[in-house]
Amino acid sequence: MAAITQSIRRSAIGLGLFAVITGGTIAVTQVFTEERIQEQAARAEAQALFEIIPESEHTNDLLRDTVQLPASERLAQSGPVTVWVARKDDQPVGMIMPIVAPDGYSGKIHLLVGVDMQGTILGVRVTSHRETPGLGDRIETRKSDWIRSFEGKSLGQPPHREWNVKKNGGEFDQFTGATITPRAVVKAVQKALIYFRENRQIIRARLNEPPSLREKNLNPEAIAGESSNTEHS
């Protein structure tokens with residue numbers, strides 16, 4: 001009887017040690033896996049930043065030059081937005097905003113949108129998504145050049161009603177068998193431009209951009225007239 005009890009005790013201890021070792025191994029593996037995923041995401045993000053605003057177009061450290069801007073539902077961000085700033089000779093020439101298209105076919109689509117200081121798009125890149133392979137994933141540059149169609153666009157170019165896919169009367173192509181994904185991206189990018197326009201003064205102040213000669217010469221009446229024209233455009 002004593003031998004049986006001792007055998008059971010040894011088995012229990014062995015199983016306990018096995019569970020501890022296995023659990024520890026899984027935990028360590030998970031930590032290293034998460035670190036690798038974070039490193040890969042950071043590298044992909046850095047690559048996307050330099051694709052939007054190449055190193056030849058700025059003289060500052062783009063990865064380290066960041067400022068915080070006000071939170072906004074337009075960007076589908078819950079808190080303040082951290083943007084990357086591109087400068088030449090200490091003057092801001094553009095910035096890159098992280099935004100989210102919340103209504104992709106398979107969930108949220110995370111993007112980076114670069115604009116110059118006049119609100120013209122310098123580039124757009126997708127950083128993460130779960131869209132259908134072979135259909136919605138054509139928003140990636142390695143699958144198609146579709147995402148490059150935003151370059152040079154701005155509010156009013158195309159007109160507001162044409163910020164949509166062609167199937168819905170807009171200017172942007174949809175994908176064969178996939179309309180929801182490109183439409184979600186188009187709407188998200190448009191909202192990013194609206195955010196830039198709505199927060200232009202704050203953005204210029206945070207980025208330390210000096211007022212242009214034209215802005216210095218604008219009186220209150222001229223500013224009011226320009227705002228009215230913008231709303232009707």
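**Exercise 1.** How many residues does the largest nonpolar core have, and which of them have the most contacts inside it?

*Solution.* Keep in mind that you are looking at a predicted model.
- Step 1: Count the members. The largest nonpolar core has 37 residues.
- Step 2: Assign the core to elements. Those giving two or more residues are β1 (66-69), β2 (81-88), β3 (91-104), β4 (107-116), β5 and α2. With nine residues, α2 gives the most.
- Step 3: Zoom in on M95. Setting aside residues up to four places away in sequence, M95 touches several residues, including L69, V85, V113 and F196.

**Exercise 2.** Find T179 and decide: is T179 buried or exposed?

*Solution.* 
- Step 1: Locate it. T179 lies in the loop between β5 and α2 (180-198).
- Step 2: Apply the cut-off. Buried means under 20% relative accessible area. T179 has 15% relative accessibility, so T179 counts as buried.
- Step 3: List its contacts. Beyond its neighbours within four places in sequence, T179 is in contact with V165, K167, N168 and Q174.
- Step 4: Check the record. An unreviewed UniProt entry lists T179 for "modified residue: FMN phosphoryl threonine".

**Exercise 3.** Which element gives the largest share of the lining of the second largest pocket?

*Solution.* 
- Step 1: Start with the pocket, whose volume is about 310 Å³. Of its 16 lining residues, A44, V126, T127, E140 and T141 are closest to the centre.
- Step 2: Find the elements. α1 (2-52) and β5 (121-128) each give two or more residues to the lining.
- Step 3: α1 supplies the largest share, six residues.
- Step 4: Sort by class. The lining has six nonpolar, five polar and five charged residues.

Notes:
Residues numbered from 1 in each chain as written. Predicted model: local features only at pLDDT ≥ 70, side-chain atom pairs only at ≥ 80, totals over all residues. Heavy atoms only, no water. 1 Å grid on protein atoms, 1.4 Å probe; cavity = no way out; pocket = protein on both sides within 12 Å on 5 of 7 lines; lining within 4 Å. Points joined across faces, edges and corners; volume = space filled by probe spheres on them. Helix = DSSP H or I, 4+ residues; strand = E, 2+ residues; numbered from the N terminus. Nonpolar A, V, L, I, M, F, W, Y, C, P; charged D, E, K, R; others polar. UniProt positions renumbered as here; feature names shortened; annotations may be inferred. Buried < 20%, exposed > 50% of the residue type's maximum accessible area, 1.4 Å probe, protein only. Contact = heavy atoms within 4.5 Å. Core = buried A, V, L, I, M, F, W, Y, C linked by side-chain atoms within 4.5 Å.
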